Amino acid sequence: MALAVGASYFSPIALKPRATFASPVSCSGGNHALEAALVRRAAELADKSAGFTSPHPNVGCLVVSGGGGGDVVGEGYLYAQGTKPAEVQAVEAAGERCRGGAAFLNLEPGDCHGDRTAVSALVQAGITRVVLGMRHPLKHLRGNAIRELRGQGLQVDVLGEDLQSKIIEDHVVQEAQKACRIVNAPLVYRAASRVPFSVLKYAMTLDGKIAASSGHAAWISSKKSRSRVFELRGRSDAIVVGGNTVRRDDPRLTARHGGGHLPMRIVMTQTLDLPEEANLWDISEVSTIVVTQRGAKKNFQKYLASKGVEVVEFDILNPRDVMEYFYDRGYLSILWECGGTLAASAISSGVIHKVFAFVAPKIIGGKHAPSPVGELGMVEMSQALDLIDVCYEQVGPDMLVSGFLQPIPDLTPVIPSADETSAIDPTVTPYDSSIIFFYKTWDPYGAFSNFSPHPIQMRDENGNYATWSTVEHYYQAHKYVGVDNPLARACVEDIKCAKSPEEAARMGRSVQRRHPDLVRSDWESVKIDLMYRALKTKFSIYPHLNNMLLSTAGSVLVEASPHDLFWGGGREGEGLNYLGRLLMQLRSEFLGESSATSESSILAA
């Protein structure tokens, strides 16, 4: 069964790992349509373990023999955390038939920074060629396995990059690429948007009601549809409901599909006006987290804690902050089974990526009967949100309509033109220029980040030298330097003492957002020059950093932050990339000084 492109990422899964083999196929090196079909088959295999591998991606692998007919001789997929990688399973199933063969994977192996089991298995099995559906979504892993495999002498092709298909086959290749992105949608969206992949699920009548006017809602959809919902839950890290759902329905939110994976339950409630007795307070099988407004019903918080329910307070409770919090906790995918009010808030916050709507062939009417999505503030049909890659499926008597609210991200940023960049740094030519991405401090070029742990000494307003833990500490604090306000002065000291650059950034941004009057009036006009001076100090006092920067001469430097459109390159290259620009300008300045020094030495001799 082929994976239908645009079809649900949450399709039925296999509950136990099993070896499977496709019918023999001929695989000639130049048949791009066939190779795309094999990659798509790898995506189908990968989908079998969705919900069990988190936080790891879903990976499938096929091995095609090198001699004779080029048959598929081995398959495998990563079943769960701690199990054998898909590549190992596939080569073990193929045995000696791997020699001289090719491996097809939906995703670049991601283990090159630690355990190299997957890459080593392909190399030691005698595989000579690897075809990948996509590069790894995480930037610190992207390209590592490709370099490792090529370094071992294997030919590595990435679908859509190295395989230049004929026009008639373009659609096939693109569909295979999309299938690879869909099967790892949680990881792809999470990497791009910095929040977990979130799916809104609801069941409604044909006239758009999720309950009767009385609030009664059991059951709108059929038993088959409810079984599908259990599958959706089992493929999610957590399920979100609002306080109204707890009060009205007293749900259990269990998966009940026999697969062993039980998602966390999350309740969002501002007032904490919840019943003392509720199924969600039973944590014998799976935990519950209640997120609420700071200070809400402290006695009830203590009561929940006595039941073993975790309570997390937010200064202002909104879906964006809650999802950013669960992103930090490592969640990949969230299923929202909330009422219309919370659903509207989540959509407005931009955290919902996909929708599953079960439409039952029933009419209930009711002027005040609730609908799936509350007020969004739209007054014209032209403002309506369109779903992308819409799919329709008959589930018993119901119709399941699914689609993406946000397009599947392409994590390869669009690079500023070399012509534009060469105006900043003459070492970058408009032709044959390479691109170096940096973002997190653990990247190969992570030291370029203003978050890197390199203390700097800078003169203060009195001409005295002060030590700052990182460039980010210095940058954030100087938003408030010179402001005649005791709160601003205290903020400077607090940021300076922050234990990490991340903490300094949070503090500086939070104060700027809540108290814009404390920010120095000339901030927008001085912040670029201030950052440049801090970077110049950093790269001047650390020789190894200076050498690293100079070693990139001729390359475009891109700060690959998907959400910072000023200092970073943005999600799709729409950012201004000022940090990359400053580093290239600094590199050019250092190279000029080096050249002038060499010339002076020659003249002196």
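The model is predicted, so local features need pLDDT of at least 70 and side-chain atom pairs count only at pLDDT 80 or more, while totals for chains, interfaces and linings use all residues. Residues are numbered from 1 along each chain as its sequence is written, and side-chain values use heavy atoms, without hydrogens and water.

**The sheet**
- Five strands form an open sheet in the order E2-E1-E3-E4-E5, with mixed pairing; strands (E, at least two residues) and helices (H or I, at least four) are DSSP runs numbered from the N terminus, and two strands pair if DSSP finds at least two bridges between them.
- At the edges, strand E2 (72-77) and strand E5 (155-158) each pair on one side only.
- Strand E1 (residues 60-64) runs antiparallel to E2, joined by five bridges; in E2, Gly 74 is the bridge partner of Val 63.

**A helix on the sheet**
- Helix H1 (residues 32-46) packs on the sheet and touches E1, E2, strand E3 (102-105) and strand E4 (129-132), where contact means heavy atoms within 4.5 Å.

**The second largest pocket**
- This pocket is lined by 26 residues, with Lys 201, Trp 219, Arg 233, Asp 249 and Glu 337 nearest its centre. On a 1 Å grid over the protein atoms alone, a pocket is an open set of points where a 1.4 Å probe fits, with protein on both sides within 12 Å along at least five of seven lines, and lining residues have an atom within 4 Å of a point.
- Strand E6 (197-205), helix H7 (223-234) and helix H8 (243-249) each give two or more residues to the lining, and H7 gives the largest share, four residues.

How values were computed: Axes fitted to C-alpha atoms, helices over the stretch in contact; angles between N-to-C directions.
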